[in-house]
Amino acid sequence: MKRLVRIAFLLVALGFGAWAVAGQWEAVRAGFARLSWPALALSVVAVVAALGGGMMTWRALLADLGSPLPLRPAAKVFFVGQLGKYIPGSLWPVVAQMEMGRELGVPRPRSAAAFFLTMPVQLGSGLLVSAVTLLAAPPGSAAPYAWAFLLVPVLAVALEPRVVNAVIGFGLRRLGREPLERPLTRRGMLTALGWALLGWTAYGLHLAAILYELGPSGPSVAVFSVGAFALSWCLGIMTFVVPAGAGVREVAMVAVLAPVLDRGSAITAALCSRIVIVLGDLVCAGAAGLAARRTEDPSALATSEKTCD
């Protein structure tokens, strides 16, 4: 029965993922025609690396909360669960991760805490990266989004472990649940932030590989790409009603890219980026699922704390 539920979940997620881009397929196909195969391959590799950074961010938080997982099972839980972001509604990924994590001995509240902490960690680090790297953009190009950068100090305070632990404790009490056995530490939070920053760097390289084919070149383009992607992602993640921020992130990216690309090329870059990320999600979920089959029996996880951090 569990296997059937997972298959149904994957089919529904893939169906909504395809729907999110199918209506723009002609424009996407025309955009890909402007990209060389080496640029496309580099973009996909960079996206896979960026998604890996996201997984390691979540894994670091989960380990700090008391449930260290070996790499392969952690990758399966994270990447397969993340396919739920293509289904309308924002709770499918956390539900999937909670259920798969429970089979590996991770309490549901701990899975939920790690999931909901990953989002503000990525949002805070993304806005910080945007504020720094967009200084390489033409003057004034980031001005319309200056309000978003005001959230950086707010998120910095919100990500202080003492604040996070207090909020989690309050929420669990309100839900009538037991408190977390192990509070979040500053070291764990900094580790998660480090992985998130590496992820944004990889996402920037993914976008830079596309931009180099569409016009601008030079080292500043790579730096600008990191900020452009991070800012558009942050704006997209602030909308919870659209599958994986579909549409919102692309509109934001077109606007952010306007100073360095004409509108047609900016639209091409945004749409190609969307397809490459969908492809990266599928590659990561498939690879993680296959790799996890080679792991030991879940009962071996009782000793994993000695080998994982």
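Me: In which helix do glutamate 99 and arginine 102 both lie?
Reply: The structure is a predicted model, in which local features need pLDDT of at least 70, side-chain atom pairs count only at pLDDT 80 or more, and totals for chains, interfaces and linings use all residues. Residues are numbered from 1 along each chain as its sequence is written, and side-chain values use heavy atoms, with hydrogens and water left out. Helices (H or I, at least four residues) and strands (E, at least two) are DSSP runs, numbered from the N terminus. Glutamate 99 and arginine 102 are 3 residues apart, about one turn of the helix, and the element that holds both is helix 5 (residues 92-103).

Me: How far apart are the closest N and O atoms of glutamate 99 and arginine 102?
Reply: Side chains of opposite charge can pair when their charged atoms come close. A salt bridge is a side-chain nitrogen of Lys or Arg within 4 Å of a carboxyl oxygen of Asp or Glu. Glutamate 99 and arginine 102 form such a bridge, and their closest N and O atoms are separated by 3.6 Å.

Me: Is arginine 162 buried or exposed?
Reply: Arginine 162 forms a salt bridge with glutamate 160, with the closest N and O atoms 3.3 Å apart. Buried means under 20% relative accessible area, exposed over 50%, and partly exposed in between (1.4 Å probe, protein chains only). Because its relative accessible area is 64%, arginine 162 counts as exposed.

Me: How many helices does the protein chain have?
Reply: From the N terminus on, the elements of the protein chain run α-α-α-α-α-α-α-α-α-α-α-α-α. The chain has 0 strands, and its helices come to 13.

Me: How are helix 6 and helix 10 oriented to each other?
Reply: Axes are lines fitted to C-alpha atoms, for helices over the stretch in contact, and angles run from 0 to 180 degrees between N-to-C directions. Angles under 35 degrees count as roughly parallel, over 145 as roughly antiparallel, 65 to 115 as roughly perpendicular and the rest as oblique. Helix 6 (residues 108-133) packs against helix 10 (residues 186-214) at about 55°, with the axes 9 Å apart. The orientation of helix 6 and helix 10 is therefore oblique.

Me: At what angle do helix 3 and helix 6 pack?
Reply: Helix 3 spans residues 37-64, and its axis is 9 Å from that of helix 6. The two are oblique to each other, because they pack at an angle of about 130°.

Me: How many of the 10 residues of helix 12 are buried?
Reply: In the protein chain of 309 residues, buried residues make up 51%. Helix 12 (residues 248-257) is largely enclosed by the rest of the structure, and its buried residues include Arg249 and Glu250. Of its 10 residues, the number buried is 7.

Me: What is the relative accessibility of leucine 134?
Reply: Leucine 134 has its place in the loop between helix 6 and helix 7 (146-149). Its C-alpha atom is 9.9 Å from that of serine 220, 86 residues apart along the chain. Leucine 134 counts as buried because its relative accessibility is 7%.
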